[in-house]
Amino acid sequence: MPHPNRILSRAGPVDLEDLRRQLRVVELKQGTVIAESRSRVSQVYFPHNGILSCVVELENGCSIESGMIGKDGVFGAGQAIDNKLSLHKVVVQVPGAASVVSADHLKAVAQSSPDFLALLIKYEQFFLGQVQQNTACNALHTVEQRMCKWLVRMYDLAGTHLPLTQEFMAQMMGVQRTSVNGVAKQLQSEGLISYRRGHLTIVNIGLVERRACECPRTVRELDEAEFGSEGAPLLFNDKSRSI
């Protein structure tokens, strides 16, 4: 049975067995900070479900999300291999579970396996591309396009039901809460989403995708460029969803 994390599901059997000697499953509780910006990374996280948000914080207290990590990825692998600091504050955005291993053990496995090391490097390249795409998106696209892009990405990683407040969405997008409130009301009135008391449900993901910018498609293309079309595809490749 494939591992619920796509990186671990792609690891060779020997590498996965080496990792399993120290892998443990932990609960990801919403709001938990698993890394501070410019901190040393001691644990590497492979989410099974839920979402980790990589956040850039400014001196004035504002923050914006630069990337998401879910079942398609890993946090801390690159830092573990090169003894680097985390460039982001990393927060659990959507609760779930993750396989966790010490940075030292992951580094030892990667150093002993060129194939596993190459797999981790591929993901680092994909994540860098996602961050660059988000930077362009935040600068050039409308709040509605960005919110729909954000919802598509969250759907791909966590599904239909999302425990999110409008305040949190505004913080992650780097916009005023009133802007998010206005877009959310419009999307809800048109039947794309349902929102109530901090819980958002995506009712029609096909229509949400149509209202998004090109960025979700670009992220998918980045994923396929690094990993090919084999394995578990991202959910936005599912043609069975209503549009």
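Strand β1 and strand β7 (residues 96–102) run antiparallel and are joined by 5 bridges; two strands count as paired if DSSP finds at least two bridges between them. This is a predicted model, in which local features need pLDDT of at least 70 and side-chain atom pairs count only at pLDDT 80 or more, while totals for chains, interfaces and linings use all residues. Residues are numbered from 1 along each chain as its sequence is written, and side-chain values use heavy atoms, with hydrogens and water left out. Strands (E, at least two residues) and helices (H or I, at least four) are DSSP runs numbered from the N terminus.

The two strands belong to an open sheet of 3 strands, ordered β1-β7-β3 with antiparallel pairing. The edges are held by β1 (24–28) and β3 (43–47), each of which has a single partner strand, so one side of each is left without a neighbour in the sheet. From one strand to the next, the twist averages 40 degrees. Contact here means heavy atoms within 4.5 Å, and angles run from 0 to 180 degrees between N-to-C directions, with axes fitted as lines to C-alpha atoms, for helices over the stretch in contact.

## Packing of α5 and α6

Two packed helices are described by the angle between their axes and the distance between the axes. For helix α5 (residues 114–140) and helix α6 (residues 143–158), the axes come within 11 Å and cross at roughly 155 degrees. That angle makes α5 roughly antiparallel to α6; angles over 145 degrees count as roughly antiparallel, those under 35 as roughly parallel, 65 to 115 as roughly perpendicular and the rest as oblique.

The crossing of α5 and α6 is left-handed, a term used if the near helix is turned anticlockwise from the far one by less than a right angle, with right-handed used if clockwise. On the α5 side, Phe-126, Gln-130, Asn-134, Cys-137 and Asn-138 meet Arg-146, Lys-149 and Arg-153 of α6. These contact residues divide into 2 nonpolar, 3 polar and 3 charged. Ala, Val, Leu, Ile, Met, Phe, Trp, Tyr, Cys and Pro count as nonpolar, Asp, Glu, Lys and Arg as charged, and the others, Gly among them, as polar.

## Helix α7 and its partners

Helix α7 (residues 166–173) packs against α6 at an angle of about 105 degrees, with the axes 11 Å apart. The helices α6 and α7 are therefore roughly perpendicular to each other. Val-143, Arg-146, Met-147 and Trp-150 of α6 make the contact with Met-169, Met-172 and Met-173 of α7. By class, this contact has 6 nonpolar, no polar and 1 charged residues.

Against helix α8 (residues 177–189), α7 packs at about 115 degrees, with the axes 8 Å apart. This makes α7 roughly perpendicular to α8, and the crossing of α7 and α8 is right-handed. Gln-166, Glu-167, Met-169, Ala-170 and Met-173 in α7 meet Arg-177, Val-180, Asn-181 and Ala-184 in α8. The residues of this contact comprise 5 nonpolar, 2 polar and 2 charged.

## The sheet β8-β10-β9

Another open sheet has 3 strands in the order β8-β10-β9, with antiparallel pairing. Its edges are β8 (161–162) and β9 (193–196), each with a single partner strand, so one side of each is left without a neighbour in the sheet. Over 2 bridges, β8 pairs in the antiparallel sense with strand β10 (residues 199–202). His-161 has Thr-201 in β10 as its bridge partner.

## Confidence

The protein chain has a mean pLDDT of 90, and 94% of its residues reach 70 or more; pLDDT is the predictor's confidence in each residue, from 0 to 100. Over residues 231–243, pLDDT stays under 50, and the model has 26 contacts beyond four places in sequence for this stretch. Where pLDDT is low, the predicted coordinates should not be read in detail.
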